[in-house]
Amino acid sequence: MTYSVEVINQHDLKQKLPRPQSHLLLVDDLLVVCVENEKRIQGFIYALEYAKTGMPERWRLPLSEGDTTRFAVYSPQNQLLLFSVSNWHTTFDGNSYLLAVDARSGNELWRFPADKKLIDISAPLIVQNKLFVLSGGNAILLSLDSPGTIIWSKPFPFHPHWLYRGLVADETMIYVSVRENRVVEISQSNGEQQREFFVPEGEVWLAAAVTDNDLFAASSTGRLIAFNKITGEQKWAVQVGRGVTTGPMIYAAALYVGTKSAHILSEPATYQIVALNTSDGQPSGFAPFTLGANAHFHAPLIVTPNGVLLCGSNNKNVYALDIHTGQKLWHHYLQSELTCQPVVTTEGHIIIASRKGVINVLRVTHHSVAAPPVLPKKPNSTPADQPTAVTQRKLVEFLRKYFTISELLDFCQFSLEINHETFETNTIENFTRGLVTYYNRHGRLQELEEMVRASRPNIPWS
């Protein structure tokens, strides 16, 4: 089975996506993106019509100077977009607030609170058509049918990890990952604290994950722990590395997480995605997918409807893995790192966003490859005799014109996954000639052309 990845739409917001783990939302035919300006002192909210050529803006909402937002949630019953807005980068004494926006028009509908300071607001979480947030030492549940109406507000004497979406819920409870080495359980009905699930070492940096019976937490020391939600008892604990870089994600009966590991502390760390059985913490059969030193996963993991695990990396690639085996199916290179969780449209297209605000819509096609017939070798044949989609000269000229040596080094390491030391890199002429000759010699010139085209989708090929 082979895969081809095609960029079928692209939009450059010319704004930065805020760190960390910035949020993309699909709302019917709109893609909602939170961004910041170049100086990171003002936030913007964009709604793009992702199915139309060039992804034109439906609406754009600028926030007040100093205000930015990283986290959003959509309430389909009320057609509301809800954003946690904070003053991150200027005076730090502006009001934080929840912002409610009409998803279709982009009109601001209400803010909570509007008349008093709200400090360190968390990501919003919808539970049974109500809105839960943490702020100012309180856990608050709001009505979405009656804007601004507080259903309950309870003191919350812990310190959540605000920068990560450290909230998760089941049918009756809300689970909050906090700095004090624990996950705290809160009743949705009255806001009362129920259980505390303690992590023996380290802090719970990233959101926990829950099933009907169990809760799973990842610690800052690289330990995955499973708890029985009913009794609070620990079921199992497994050391998966020196740290974790993505929150745990559950699919079927397996738990997936990005980890940081190294056998010797003085050596550069390596980063990988591992999967464990939820029942006993043993390896699930998913072969760990590893990146080289200093390249790691920090965008949340997602599984597509057809069972493909998508993960973004700071090496400017998004990777697609077989959810059961861990085999890499394909990858796609962008011009800057990925901090957003990819999203998948109803048509099966994948939308990814880079740190620099470039949005790509990908169409992935898989092809069944039959074994080629064995043909007699042509006497005195050379790779040049083999038909190719473009001539070597045309590909060399394109690379020289639209790539720098630095970009080609990254391209070799992260997209082509070959050793650039194979070629002379002292000049762009030698580098491009050696690269194209290498691929032609191995009968893979068509593959190189496709990857080069995908990396420069807006530049005419002919």
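**An antiparallel sheet and a helix pair**

Four strands, in the order E2-E3-E4-E5, form an open sheet with antiparallel pairing. The model is predicted: local features need pLDDT of at least 70, side-chain atom pairs count only at pLDDT 80 or more, and totals for chains, interfaces and linings use all residues. Residues are numbered from 1 along each chain as its sequence is written, and side-chain values use heavy atoms, with hydrogens and water left out.

Strands (E, at least two residues) and helices (H or I, at least four) are DSSP runs, numbered from the N terminus. Two strands pair if DSSP finds at least two bridges between them. Strand E2 (24–27) and strand E5 (57–62) are the edges; each pairs on one side only. Neighbouring strands are turned by 20 degrees against each other on average, direction ignored. E2 pairs with strand E3 (residues 30–36) over 4 bridges, in the antiparallel sense. Leu-25 has Val-32 in E3 as its bridge partner.

The axes of helix H1 (residues 392–402) and helix H3 (residues 428–441) come within 9 Å and cross at roughly 140 degrees. H1 is therefore oblique to H3 (under 35 degrees is roughly parallel, over 145 roughly antiparallel, 65 to 115 roughly perpendicular, the rest oblique). Axes are lines fitted to C-alpha atoms, for helices over the stretch in contact; angles run from 0 to 180 degrees between N-to-C directions.

Contact means heavy atoms within 4.5 Å. On the H1 side, Gln-392, Leu-395, Val-396, Leu-399 and Arg-400 meet residues of H3, among them Ile-428, Thr-432, Leu-435 and Asn-440. By class, this contact of H1 with H3 has 6 nonpolar, 4 polar and 3 charged residues (nonpolar: Ala, Val, Leu, Ile, Met, Phe, Trp, Tyr, Cys and Pro; charged: Asp, Glu, Lys and Arg; polar: the others, Gly among them).
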